[in-house]
Amino acid sequence: MSSESEPGSGAIFSMVGVLYAILLAFVVIVVWEFSSKVHDDVQAEANDVSQIYFTARTLPEPQRSQLTALARDYAHTVAYDEWPAMREGRTSADARAQVARMRAETAALRPADARQEILMGQTLDAINALVDARRERTGAVTSPVPPIMWIGLLAGAVITVAFTFFFSYGRFRNQLAMIGAMTVLLAFTLWLTYEMSHPFGGPTGLGPDAFLAVLARFDEFS
């Protein structure tokens with residue numbers, strides 16, 4: 001490469017590097033916020049199930065037995081059936097049916113006094129909150145990063161690494177070592193971003209710990 005072309009090539013490489021860094025940083029921030037929100041939604045959903053269970057324990061029969069059993073069954077279904085399904089992009093029809101039955105059982109309650117009326121309202125509020133949290137959680141089985149964005153990220157990484165071969169950094173072995181280190185770092189960043197955009201699968205995936213903890217609490221009070 002001639003001396004006249006090096007400054008121009010350096011400017012182009014800098015522009016490509018900056019643009020790719022901005023794109024990658026934007027995606028990383030989006031995925032990080034997405035992953036954090038999924039964690040919060042799972043915790044909120046588990047808390048809602050717990051509230052339904054313990055509020056139902058103060059209701060009259062038969063709603064008491066039916067709602068506590070449904071809350072326990074729902075937590076078990078989510079932890080042991082729906083969680084593995086979410087890793088494949090699916091959700092549980094049984095869990096959806098259990099939520100519908102919770103609402104139907106609560107609506108069938110005929111409060112005998114003001115206290116029962118308040119408890120019924122609290123239970124319905126918890127069920128509605130559970131539905132909202134569940135909707136957020138199950139919606140997270142789809143990555144927030146569209147395929148076209150992944151194509152751009154991979155193409156940008158290839159272009160950025162390829163540009164480095166147009167410049168000399170001393171001995172060729174040293175240049176290969178630096179390019180290799182940069183390639184490894186980019187590959188790791190892209191892999192980690194991909195894993196975080198699929199919060200229920202892979203080595204970094206979120207487990208059903210919140211629901212298992214709720215089930216353990218139910219066992220303590222059963």
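Predicted model: local features only at pLDDT ≥ 70, side-chain atom pairs only at ≥ 80, totals over all residues.
Which residues is Thr193 in contact with, leaving aside its neighbours within four places in sequence?

View 1. Residues are numbered from 1 along each chain as its sequence is written, and side-chain values use heavy atoms, with hydrogens and water left out. Thr193 is found in helix 6, which covers residues 172-196; helices here are DSSP runs of H or I with at least four residues, numbered from the N terminus. Leaving aside neighbours within four places in sequence, Thr193 is in contact with Val27, Val28, Val31 and Trp150, where contact means heavy atoms within 4.5 Å. With a relative accessibility of 4%, Thr193 counts as buried (buried means under 20% relative accessible area, exposed over 50%, and partly exposed in between, with a 1.4 Å probe and protein chains only).

**View 2. The packing of helix 5 with helix 6.** Helix 5 (residues 147-163) packs with helix 6 at an angle of about 170°, and their axes are 10 Å apart; axes are lines fitted to C-alpha atoms, for helices over the stretch in contact, and angles run from 0 to 180 degrees between N-to-C directions. The two helices, helix 5 and helix 6, are therefore roughly antiparallel to each other (angles under 35 degrees count as roughly parallel, over 145 as roughly antiparallel, 65 to 115 as roughly perpendicular and the rest as oblique). Helix 5 contributes Trp150, Leu153, Leu154, Ala157, Thr160 and Val161 to the contact, and among the residues of helix 6 that take part are Met182, Leu186 and Thr193. By class, this contact of helix 5 with helix 6 has 10 nonpolar, 3 polar and no charged residues, where Ala, Val, Leu, Ile, Met, Phe, Trp, Tyr, Cys and Pro count as nonpolar, Asp, Glu, Lys and Arg as charged, and the others, Gly among them, as polar.

**View 3. The packing of helix 2 with helix 4.** Helix 2 (residues 63-86) and helix 4 (residues 114-139) pack at an angle of about 5°, with their axes 14 Å apart. That makes helix 2 roughly parallel to helix 4. In this contact, Leu67, Tyr74, Val78, Glu82, Trp83 and Met86 of helix 2 meet Thr123, Leu130, Arg134, Arg137 and Thr138 of helix 4. The residues of the contact of helix 2 with helix 4 divide into 6 nonpolar, 2 polar and 3 charged.

**View 4. The two sides of helix 7.** The buried residues of helix 7 are Ala210, Phe211, Val214, Leu215 and Phe218. They cover an arc of only 140° around the axis, which puts them on the same side of helix 7; the arc is that of the directions from the helix axis to the C-beta atoms. On the other side of helix 7, Asp209 and Glu220 are exposed.

View 5. Not counting residues up to four places away in sequence, Pro144 touches Phe34 and Ser197. Thr142 also has its place in the loop between helix 4 and helix 5, and at 53% relative accessibility Thr142 counts as exposed.
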